[in-house]
Amino acid sequence: MPAFAANLSTLFTDRPFLDRFAAAADAGFRAVEFLFPYDHPPEAIAERLARHGLVQVLFNLPPGDWAAGERGLAAVPGRFDDVAAGLERALPYVAATGVGRVHLMAGIGERSDPAAVSAYRRSVEHVATRLGERGVDLLLEPINRRNMPGYFLDDYGHAVALIRDLGLPNLKLQFDVYHRQILHGDVAMALRALLPITGHVQVAGVPARNEPDDGELDHRFLFAELDRLGYAGHVGCEYNPRGHTVDGLGWFAPYRR
Ligand SMILES: O=C(O)C(=O)[C@@H](O)CO
Ligand SMILES: [Mg+2]
């Protein structure tokens with residue numbers, strides 16, 4: 001049975017961020033992930049993890065100025081220094097939480113633009129190398145453009161080619177089942193092919209991005225498939241609940257440990 005992580009940026013959002021750790025633990029989760037921790041000191045997050053016996057499995061490196069529309073800077077030409085500074089800003093959170101993997105967002109840009117392609121490669125290589133010195137994985141996540149208009153990395157082929165080409169042992173794919181289905185479909189076959197380079201899996205129903213029991217995919221089949229494939233990581237529950245988070249956790253009951 002796969003282990004599940006509550007995404008605290010999308011679940012339990014009826015309470016302040018730091019109170020979501022308790023809610024996740026009370027609901028039976030043993031692990032959490034979230035998008036960004038940077039509004040809170042690293043020690044405050046570490047304290048909540050310890051208090052509730054939770055493992056931190058993932059968060060994102062700083063994305064630039066989100067309010068201004070930035071969605072990461074890795075593929076934005078001329079912003080390498082900001083990417084490097086973002087990594088330094090994140091390192092105290094990596095140390096405090098003990099997280100084993102972080103996601104680097106690519107940003108807005110075109111894969112047909114050679115300057116963006118080479119900026120992305122340079123950023124990814126730098127950040128992965130620095131994280132590798134600390135035993136931390138760097139993840140790249142293809143994201144569909146309906147949810148994130150203009151996002152550079154909206155293609156599995158591009159992500160996989162870069163991961164294979166750089167050949168860094170700690171550089172891996174963030175396989176978000178929701179985005180995969182919207183971008184390319186063929187989810188189970190892609191899991192089979194890409195599991196060796198997959199560092200994290202996330203899930204949501206398609207197309208509404210609600211609970212995984214909702215929509216066109218059979219979540220029970222996919223979770224069993226992850227077992228058959230020997231996936232040893234976590235599945236991040238990155239969905240927007242239909243109502244109150246706890247009321248929608250019926251799908252989770254058979255997987256609670
Ligand atoms: O949008 C998603 O899907 C994510 O996983 C976010 O972490 C994007 O950063
Ligand atoms: Mg995701």
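## Around ligand 1

Ligand 1 is surrounded by Leu-35, Asn-60, His-103, Met-105, Glu-141, Ile-143, Asp-176, His-179, Gln-202 and Glu-238, where a residue counts as near if its C-beta atom, placed from the backbone, lies within 6 Å of the molecule. By class, this shell holds three nonpolar, four polar and three charged residues. Ala, Val, Leu, Ile, Met, Phe, Trp, Tyr, Cys and Pro count as nonpolar, Asp, Glu, Lys and Arg as charged, and the others, Gly among them, as polar.

The model is predicted: local features need pLDDT of at least 70, side-chain atom pairs count only at pLDDT 80 or more, and totals for chains, interfaces and linings use all residues. Residues are numbered from 1 along each chain as its sequence is written, while chains are lettered from A and ligands numbered from 1 in the order in which they are written.

## Ala-106

Ala-106 sits in the loop between strand E4 (101-103) and helix H4 (114-132). Helices (H or I, at least four residues) and strands (E, at least two) are DSSP runs, numbered from the N terminus. Ala-106 is buried, because 29 other C-beta atoms lie within 10 Å; the cut-off for buried is 20 or more, with 12 or fewer for exposed and partly exposed in between, C-beta atoms being placed from the backbone.

Beyond its neighbours within four places in sequence, Ala-106 has contacts that include Gly-72, Tyr-120 and Phe-152; a contact means C-beta atoms, placed from the backbone, within 7 Å.

## The whole chain

Eight helices and eight strands make up the chain's list of elements. Of its 257 residues, 43% are buried.

Definitions and conventions:
Two residues are in contact if their C-beta atoms, placed from the backbone, lie within 7 Å.
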